[in-house]
Structure formats: structure tokens, C-alpha cells
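Please read them with the structure open beside you.

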Amino acid sequence: MGPSCFHHRATEIRSRFAPIAALPPDILNESVQEAMSAASAGSVIGQMIERAADGVARLLGFDPAYLFHGGTIRTLADFGQTKDAMLVKGQQIVALGRLADLRRAAPHGTVEIDLQGRTLLPGFVDPHMHIVASAGEMGFIDLSPPASGIYSIDYVENLLRAAIAKAPDKKTFILGAGIDPSQMVEWVNPTIDWFDRLFGNEDASQQNPVSLTAGSGHISFLNRTAMAMAEIDLANPPPLAGGKVATYFDGPNKGTASGVLVEMPAQKLMGKALKKSPRTLVWEFATLAGNLKKLFETAVANGNTMLNDAATGIAVGVTAERAILNAAMQAFGHPVRLGSASFIDEWGFPDSADLLISGSPDVSDPMFLKQAIKLFADGSNQGVTGLLREPYTAWGQDRVRQQYLGTNINGNMDINPQTLTQALAAAQRRGWQVMIHANGDGAIDNVLASFMEVDQQGLLNRNLRHRIEHCSILHDQQISDMVGLGLSPSFLIEHVVKWGPVLKKLLGDDRVQMLDRCKSVHDAGMPFSLHSDYTVGPLTPLKRVQDAVTRMTEGPDGGWVLNPAECVPIELALMAQTRFAAWQCHADTYVGTLEAGKMADLVILDDDPVRYANEGRAGDIAGIKVHSTWVNGREVYSREWFCAD
Ligand SMILES: [Zn+2]
Ligand SMILES: [Zn+2]
């Protein structure tokens, strides 16, 4: 994904789960809770409360207290600030200071935790990832590049052949995710013709329906059976605002559908096809619950204490997804803190802007904030759909022109500026923070112009901390404009390390330098954060910290630093993953630093990332092991539960 997101994948899932969204709230809640409880039984996460050291104390009705000492305690409230000891009582951090002083202040029965030289940090906040949609997608065939070995269209083909051979019948829908032509040794876009060759025939009745979502989430590739089920006329595909059913740009099939669906409005057409999928509701609930459990287990094992769901509702609707998340939190014992940005179907604009952006933020529950709404301005740069000021390189255009680019050589505008202005104005009136996806510099121009117009109308509320998501290609003037408008960026730093080499070819040597300008943004006075955009990237905050410090590109064409001037000092990178991320999620009064009065969301690491960086070993930071993770004063993960080292 481009960057990103997931529009498309999630739309598929939404269609598959349509029956869930249609359930009356009572039945929905009951069904979801049942499934979650079943999933939690016998699992590590389900036993957290019993296994945690404080279980007995809590059962006896008093708040356990912990005194941490014997290691490096970095508050991240300020650069270079460390403390000898930290006292936690109940859910809160009570005090930091000298061990002797805190021992005197500690209540009777305080448990001392000797860090044995380890490093204690505020828990990591992932300010932009996707929960329910990702859990749904875990059942898809994983077509993403392998950890090692060659990634090519043959690799994808072999996995698909195996899936087709295993399918019980020709009606079985083959769903793949994570396919990324931009990472292949030779860029190949699977088209209707490609699928014909895969199946060895052009007879739709002899092909299983297939839909493959690009890793960027902004494009999907369908065979002719899936196109037919979606009721798309191949000879005469429908025009769409904000996306397109791509047609062959040239050659004998010119003007007929190529099977590529570009951006959300096109991918919504998949809904019809997926509703015809034979899977049952029971299967969906049980699978979803199990996958959510895995997702949360992975999150806490990597030191995440807060996840900000960046498009709640994109899979099954806002009401249903909030119910699912609430049920999961209860069943799994509140393993993490949640924030959320409600997904707004902006393609329903502009007729009912105020209606679509309905309700108002709810930050009454510090374990589950509903603080933001989510909008999209463009696509993915590595998918050649991010909206640029100047066209993609000739090399880039040639990779996709025939199959879906056509004359859109600057990328795709997902929302037009007038509609965007209306949406932003409606959000101000309702008091919502806006998280808006914008990858290309052209899309960022549009976003800034709309914010300026809303400001001129006297409506802009800077206290809402509006964010630009990914904010990938950024010019100096745009940085100044963002400062003036009170905006801040959240970066998908994987664009630099994982896609940097291919983006260099797509954007050119100069433009690629403008990717994820962490240092410039910070120097201009803006907080920035780093996000996973899971499942676009993994739930591994320490890797993102490493990436922001080193900007070392990876893969066959990697091994070079992408714009060293934008590398940031280690503590700044850590703040981007804690303090600034919390600020951007309106959670900074609760978490993000180690300070008296804040909630005790912590991570204990075997080694100190700051020391690694200072010793010239920043490239090893991702390898530092998480020893334990604490949320709200409770240990929710410990490596010692799994191995006695
Ligand atoms: Zn996005
Ligand atoms: Zn996203």
C-alpha cells in the first residue's frame, strides 16, 4: 500500500461482512462477544489477568504498586532525561526520582521490579494502523514479497495455482492480498489476460473468481469471473468519480476493462461480487475473533501499548466495528489502549456532508478514544496513483500505462478540492480531528488549499490537531503552510526503506529526496509521528525508530541512505513513536511520556536504543528484544511467560 491504505481491501471485507453490519445492535453485540470469548479461551491473551503478577492483589481489591529501578528509565518528556526509579500505583505513574526517596514514598506491599540493566520507556503508540480490516484480511492468500528469495510474478502464480487446486469448487472465491508489482524483479500487473493464461482458458465459467489486492491497498486485480460477478460490463466499464475501472490503454483490446480497479470508488464495485461469496456468518465471526486475538498479541509482544485505528468502519461500518472492538477489549482483557478515526465515505459527498460526518468525538473512555475522522485525497505513489504535481517518470508511466494509468500521468485525485473543503468544514463544525491520507505533493497541495479556505471562512479549529497521513512528498513551502495551519504529519517510514529504491525510479533522483522529511518538519516546529499502516507495514515500532534514524534502503537495489539530511536523532525518533504520536491521537494527557499523573503504559527493552545509536549501531535497533509490555499499570506481555531466560 502505498502507502498505504487499504481502501480496497477493506471494501472487499466490508462486502463480505455486510450481513454483520446489518444485524440489530443487541444481536450484534451478543454474537460478537460470544465469538470473542470463545477465541480468548485457552489463549495467552485471555489469561493475562490471571497470569499477571498483580492478579491476586486486584482480586483482593487493592491497587498493586510497583517500584521500577536498576536500569535506564527514559521519560522522553525531554531530551536526555533519565530517572533512577519510577513508582506506579494502580493504573498510574505516581512519581519518578531517586530510588531512596521513592522507597520511602512507596505504599506497604509495593513490589520492586529490578530492571537488571534493561531500559524502560513509555509504551509505543502506533498512530495509524487498521484493526478489523486487517483481521479480516488475515484469511487471504499472502502474496506479499517473501522475507528472503526472489519476488516475481512466478512466485505469485505458484501460490495462486496451489490455492486454485485446493479450492473445493469453481465457485470458491480466491482472495489474495499484499501483491506488490513494484517490488517484483520485473513489474507485472495481473490483468484479465494474465488470469486467462493462469487458468488456461477464457471461459469465465471455468475460472474461480479471483481478486488480488495490491499491497498498497489502492488497486485490485480481478479476473473475468470476478468482474462478471461484480456486474461490470467489460466492453463498457462505468465512469466513476474519484477512481476508475481501468481499461486497456492501447492495443487490440483498447477501451475494454483490463480487470484493474483503481482506488476506492472502483473497488466498491466489488461489493456485489463478494456478496455472492458462499462463506457463512459463523465462519466470519469465529475467524475474525481469532485473528483479532493474534493481532493484539503481536502488537503487545512488540511493545505497542496504544493502537490508533485509522479508518474504523471501513470494513463493516462504524457501529459494527466499534462493537467488535469493544467486545474484543473485554474478552481479551484490555490488552492495549485504542484510538480511532471513523471512516467517512467521502464519495457520498457533497450532498450530505454534515450528515455523513455525523455524531461527535467521544474521548470519555481513555482506553478507547473516538477522536477523529478519516478522509482520503489520493492513492499510492508506488502504485502510481499518488497525485503528483509533475508526472511520474517515463519509466514509471511505462510500468502501468497499458493496464491502468492511461493519461493520468500525475496520479489519481480521490477527492476533488471543493468536496474536500466541504468535508473539512463539516468536520470543524462537529469538532472532529481530521486524519487525511495524502501521498503525492499534488494531493498535499489540494489538502492545504482546502484547509486554507476553511481557515478563511473562520472555521478552522487548530486545537483539533488535524493530521496529514503519509505526507510522503513534501516541499519547503508546504511545510511552512502546514505550520501556519496547525497541521502535522504522520509518516510511513517504510516508504523510505522498503520502497525507496523503486520510488527513486518512479519519481526521479531529485523528487525522491523529498520523501518523509522528518528532520525538516521537526526543525520547522511541527511534531511528527511514525506509523505502521498495518497491514501495509508490520507492527514493529523499534524497526520504524531504526528506519527514521538510518533511512537505510533495503532490497536488491537498496543499501544506500535516502537523503541523510532527513535522518533524525534517536531520541526524536523515539518521541515520534511515543510522545508525539500520543499528542497526535489526543492521548497525550494519558500517555506518551513517563511523568507523574500519566497512565502507566510502559515497555521494558533488553537494551537501550539510545546507547545503540550513540555507539554507531543504529542499524541494530530493530533487533532489541521487548522484555515486557505494560498497559494501564498491568503487565500485558512478558517474554518470560514464553521462555525462562
Ligand atoms: Zn493511507
Ligand atoms: Zn492507512
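1. Six strands make up an open sheet, ordered β7-β8-β9-β10-β12-β11, with mixed pairing. Helices (H or I, at least four residues) and strands (E, at least two) are DSSP runs, numbered from the N terminus. Two strands pair if DSSP finds at least two bridges between them. At the edges stand β7 (141–142) and β11 (244–247), each with a single partner strand, so one side of each has no neighbour in the sheet.

2. This is a predicted model: local features need pLDDT of at least 70, and side-chain atom pairs count only at pLDDT 80 or more, while totals for chains, interfaces and linings use all residues. Residues are numbered from 1 along each chain as its sequence is written, and chains are lettered from A and ligands numbered from 1 in the order in which they are written.

3. Within the sheet, strand β8 (residues 174–179) pairs with strand β9 (residues 210–214) in the parallel sense, over five bridges. Ala177 has Thr213 in β9 as its bridge partner. Helix α8 (residues 153–166) packs on the sheet and touches β7 and β8. The direction of α8 makes about 160° with that of β8. Helix α16 (residues 394–405) also packs on the sheet, touching β11 and β12 (257–262), and its direction makes about 105° with that of β12. Axes are lines fitted to C-alpha atoms, for helices over the stretch in contact, and angles run from 0 to 180 degrees between N-to-C directions. Residues are in contact if their C-beta atoms, placed from the backbone, lie within 7 Å.

4. How do α17 and α18 pack? Helix α17 (residues 417–430) and helix α18 (residues 441–456) meet at an angle of about 50°, with their axes 9 Å apart. They are therefore oblique to each other (under 35 degrees is roughly parallel, over 145 roughly antiparallel, 65 to 115 roughly perpendicular, and the rest oblique). On the α17 side, the contact includes Pro417, Leu420 and Leu424; on the α18 side, it includes Val447, Phe451 and Glu453. The contact residues divide into eight nonpolar, four polar and one charged. Here Ala, Val, Leu, Ile, Met, Phe, Trp, Tyr, Cys and Pro count as nonpolar, Asp, Glu, Lys and Arg as charged, and the others, Gly among them, as polar.

5. Strand β20 (residues 602–605) is joined to β21 by four bridges, and the two run antiparallel. Leu602 stands opposite Trp630 in β21. Four bridges also join β21 to β22, again antiparallel, with Trp630 opposite Glu635 in β22. Six of the six residues of β21 are buried, so this strand is largely enclosed by the rest of the structure. A residue is buried if 20 or more other C-beta atoms lie within 10 Å of its own, exposed if 12 or fewer, and partly exposed in between.

6. Some backbone values deserve a check. Most residues other than glycine have a negative phi, and most peptide bonds are trans. Asn632 has a positive phi near 55° in the hairpin of β21 and β22, which has two residues between the strands. Asn632 counts as buried, with 20 C-beta neighbours inside 10 Å. Cys471, not a glycine either, has a positive phi of about 45°. Cys471 lies in the loop between β17 (467–470) and α19 (476–485), and counts as buried with 29 C-beta neighbours inside 10 Å.

7. Which residues does a cis peptide bond join? They are Tyr534 and Thr535, with omega about 10°. Thr535 lies in the loop between β19 (529–530) and α23 (541–550).

Key:
Contact = placed C-beta atoms within 7 Å.
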